[in-house]
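Colleague: I would like to go through some labels in this model and hear the grounds for each.

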Amino acid sequence: MMRERARGLWALLLVALVAAAAAPGAVLAQGNLTSRSDLVGLYALRGTLGLRARDWPRHADPCAAWAGVGCRAGRVVSLNLVGLRRTRLGRLSPRFDVDGLRNLTRLEAFNAAGFGLPGSIPAWLGAGLAPTFQSLDISDCAVSGNIPASALVGLGNLTTLNFAGNQLSGQLPATALSSLTRLRTLNLSDNAFSGALPDAVWSLPGLSVLDVSRNNLTGELPTAGLALPANALVVDLSKNLFYGGVPETFRRLFAQVLLANISGNYFDGKLGVSDGGGGNVSFQLNCFLDVLGQRTQADCQQFYASRGLPYNGPVMPPAPQPTPSPARKKHKNLKYILIGAIGGGLLLIAVVAAIVFCFVCSGRTGRRNDQRGSGASPSAPSGVSATGTAAATGGSQPSALSANTAKVGDSFAYDQLANATSGFGEERLIKHGHSGDLYHGVLQDGTAVVVKRITSRVARKDAYLAELDLFTKGLHERLVPFLGHCLDKEEEKVLVYRFVRNGDLSSALHRKSREEDEGMQSLDWIKRLKIATGVAEALCYLHHECSPPMVHRDVQASSVLLDDKFDVRLGSLSEACPQEGEGHQNVITKLLRFSSTADQGSSGSPSATCPYDVYCFGKVLLELVTGRLGISASNDAATSDWLDATLRYVNIYEKDLMSKIIDPTLIIDEDHLEEVWAMAIVAKSCLNPRSSKRPPMKYILKALENPLKVVREDNGNGSARLRATSSRGSWNAALFGSWRHSSSDIGPSRDDNILKRSETIKSSGGSNGDHSSSRRRQSKEIFPEPSGSRDTED
């Protein structure tokens, strides 16, 4: 209870400090802008940042009509870019280009939190900003590189410095930080800073909030010679690599602040505060000897030994190795030789038997796959199941997978996760998933998490092994953020993920359909295209970067998780398994997989092939284009009929047909309409009923990254125009090479011919011969696919 109250106090304090820091920028516009220098600087920022005309309109007074511009006495004193968006052209090449700030000689605050400024911090920043400058917030802006010392020198009046949530690295500039004598808030959390935290930071007289959590900072806390800030309220050093003891001066400092967090480091010795200083100090996962919830003794000893540091704790002696007596050494050598010979013979027999058995089994599996592939329909290939059984390899090789689980994420105690979820209470239950129950929880350090509880009641006990096996290959940025696991109990396994705030794609579309105003704004076309590209990146990683290629087998809108920036985190990985029929896999791998896949393949479970994922992804794309809910999660007859009816309006020749299927709530311009058109064409190619004709994910990703190239071509003068005949010239030359017409794959329906007849007549030019040739060409369905690329399933 005390820790919860402390977290609440910290949250209220941060809100108050942010509001106070933003006070210089929260100035209402008073009169018109009178400084030409300020006007030049604002228009320079408008161009380099690519801001939209609706936010910063031309021929309007910036103080009165420009969003986020605060003025006082006709001069610009604050800029707030939070919530503003770039133009389509500006989004193509965003960069950290804020040279226009040099002209704003009365500027006091600049807030670009979450706006996106990829690139490094300019070295001129300290000398170029106004002497009156007080608040700088570029958190969550994708800034990279190190902090140049010159970027801070000269900002003597700075009170707030927030660089949190970026990709900054390197060492902190000690001399430059020491010159910020009026600094009250310093937030450098969630970066990759290394080296020591400068001692000068602890001597800043006005410092109230210090947050350097989630970095790679290391070193000991200074023991003497420092005047610690008397007004400190929050000190967060968590999740770094600090070590050594906690000096007495810092114990007194931690006792006086509202909240201190030193958890997730390697501090050793005795803390001397058994109850955490009344609940305002978090100290878990260190190497303290007198408090609970610390790292293991082996972990602490390994950390200090690897760095050659003295460890103030008990040292585990190495286990003594018995020395064999000379009289028995000869007999032992003979025993080992006999064991090796017998074992080698048995292994050779087993390998021969495995090869013979594999050839027999692969013949049966090949015939079954051929039957399944030939029976696929355009709307639902064989084995389509949104809630299929566990992954094909999820139950096989449990011993081999278990050996690597310790390397994946953190290991949590069961009691720790039970406390985080209020004992897995019903009020914390998010939903009952087909692979386990999902709960919302909060760890002791305040991290919001989703906890998946896997019991024999809801899934096979070994269903978690498929996900852990996938995460051993690496934690990709487009997969669900995996934190760790608890495998202590035999009858119950628990997996832990970082909480993503915007839920899944299906709930986002559902909010859009129920709410009238804000819901429609929550998922505009830019976000939809970003989500489609993100899912393609995740599947491209599984199909083309994993070895062997991995198949997700459960791609649908509810599997697409969205973080606070609507970046994709693909979840529902319990079904993932290696692709069937990979030519490069050896016979032993096929043999080990056969026992767990043969029955599932014949019982209608999701097909373990990459083209199956492509098909499911095509349905997700149609959901984004049409706004129709539940398409990707359904395979019934109604969905099949809807797909057939919708795809008739997706035509490479007729953009105007898109108006019949596009989501009516989308507000888009001409360029965006072409992007929607391109996405629908890509979706149709993914939904090709013949799996061997579906494009690989790496080509789909390229198409979604350059959607206008799917429907445009270069006319030789550098401009673009819509294609009126085929997609072969533009998408082909720009991305993939030559395309094939797959008229043999599917015949056009009567409605398709009616929809194309007007275009056929126009292209015939009145000639009988041309008319006949054009009609034959236009009556064929075109499914984009790179020449020469074949899938494993036919």
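**Labels and their grounds**

Modeller: This is a predicted model. The protein chain holds 25 helices and 30 strands.

Colleague: Why is Phe424 called buried?

Modeller: The relative accessible area of Phe424 is 7%, and buried means under 20%. Phe424 is therefore buried. This residue sits in the loop between helix H12 (414–420) and strand S20 (429–433).

Colleague: What is noted about the phi of Phe424?

Modeller: Phi of Phe424 is positive, about 55°, although Phe424 is not a glycine.

Colleague: Why is Phe566 called buried?

Modeller: Its relative accessible area is 12%. The cut-off is under 20%, so Phe566 counts as buried. Phe566 is in the loop between strand S26 (560–562) and strand S27 (568–570). Phi of Phe566 is also positive, near 60°, in a residue other than glycine.

Colleague: What makes the peptide bond from Ser547 to Pro548 cis?

Modeller: Omega of the bond from Ser547 to Pro548 is near 0°, and the bond is cis. Pro548 lies in the loop between helix H16 (525–545) and strand S25 (550–551).

Colleague: How many residues does the protein chain have, and what share of them count as buried?

Modeller: The protein chain has 794 residues, and 51% of them count as buried. Its accessible surface is about 35,400 Å², with 54% belonging to carbon and sulfur atoms.

Colleague: Among contacts with a separation of 6 or more, what percentage is between residues 24 or more positions apart?

Modeller: In the protein chain, 68% of those contacts join residues 24 or more positions apart. A pair counts as a contact when heavy atoms are within 4.5 Å.

How values were computed
Residues are numbered from 1 along each chain as its sequence is written. This is a predicted model: local features need pLDDT of at least 70, side-chain atom pairs count only at pLDDT 80 or more; totals for chains, interfaces and linings use all residues. Side-chain values use heavy atoms; hydrogens and water are left out. Helices (H or I, at least four residues) and strands (E, at least two) are DSSP runs, numbered from the N terminus. Buried means under 20% relative accessible area, exposed over 50%, partly exposed in between (1.4 Å probe, protein chains only). Accessible areas come from the Shrake-Rupley method with a 1.4 Å probe; for residues, only the protein chains shown count as cover.
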